[in-house]
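Dear colleague,

Please find the structure below, handed over for your records. The findings follow directly after it.

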Amino acid sequence: MIAENTEFDGRTINLDGGSFHSCQFKGCTMVFNGQMHVVIERCHFDDGCVWQFRGPAQNTLAFMRMLYA
């Protein structure tokens, strides 16, 4: 997905492979799998966006938690 100056409201956004420029996210679920590069520039996140990490991204976070425990 390539988005510029776009407002997303209450949507689930799959970030992998996406390019987001000057976008606004309101109450969205942001999903990152860690399989492709993501570009996020000058974007705003409002109204309780939720971040989900799946697949390789989730495995990386679990590994980092283990290292810092």
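**Salt bridges**

In this predicted model, the count of salt bridges comes to 2. One of them joins Lys26 to Glu7, with the closest N and O atoms 3.7 Å apart. This pair links distant parts of the chain, since Lys26 lies in strand β5 and Glu7 in strand β2, 19 residues apart. Lys26 has a relative accessible area of 23% and is therefore partly exposed.

The other salt bridge is formed by Glu41 and Arg42, whose closest N and O atoms are 3.9 Å apart. Glu41 is partly exposed, at 35% relative accessibility, whereas Arg42 is exposed, because its relative accessible area is 58% and the cut-off for that class is over 50%.

Strands β2, β5 and β8 form an open sheet in the order β2-β5-β8, with parallel pairing. Strands β2 (7-9) and β8 (44-46) stand at the edges and have a single partner strand each, so one side of each is left without a neighbour in the sheet. On average, neighbouring strands of this sheet are turned by 10° against each other, direction ignored.

Strand β5, made of residues 24-26, is joined to β8 by 3 bridges, and the two run parallel. Within this pairing, Lys26 stands opposite Asp46 of β8.

**A nonpolar surface patch**

Which residues form a nonpolar patch on the surface? They are Ile40, Phe45, Trp51, Phe53 and Leu61, and together they have about 410 Å² of accessible area. Phe45 is placed in strand β8, and with a relative accessibility of 32% Phe45 counts as partly exposed.

**The chain as a whole**

The protein chain contains 1 helix and 9 strands. Along the sequence these elements follow the pattern β-β-β-β-β-β-β-β-β-α. Taken along the principal axes, the C-alpha atoms fill a box of roughly 40 × 25 × 20 Å.

Of the 69 residues in the chain, 25% are buried. The chain exposes about 4,700 Å², and carbon and sulfur atoms supply 51% of that area. Among contacts with a separation of 6 or more, residues 24 or more positions apart account for 4%.

With kind regards

Technical notes:
Residues are numbered from 1 along each chain as its sequence is written. This is a predicted model: local features need pLDDT of at least 70, side-chain atom pairs count only at pLDDT 80 or more; totals for chains, interfaces and linings use all residues. Side-chain values use heavy atoms; hydrogens and water are left out. Two strands pair if DSSP finds at least two bridges between them. Helices (H or I, at least four residues) and strands (E, at least two) are DSSP runs, numbered from the N terminus. Axes are lines fitted to C-alpha atoms, for helices over the stretch in contact, and angles run from 0 to 180 degrees between N-to-C directions. Patches are made of residues with over 30% relative accessible area and no salt bridge: like charges are joined within 9 Å, nonpolar side chains (Val, Leu, Ile, Met, Phe, Trp, Tyr) within 5 Å. Accessible areas come from the Shrake-Rupley method with a 1.4 Å probe; for residues, only the protein chains shown count as cover. A salt bridge is a side-chain nitrogen of Lys or Arg within 4 Å of a carboxyl oxygen of Asp or Glu. Buried means under 20% relative accessible area, exposed over 50%, partly exposed in between (1.4 Å probe, protein chains only). Contact means heavy atoms within 4.5 Å.
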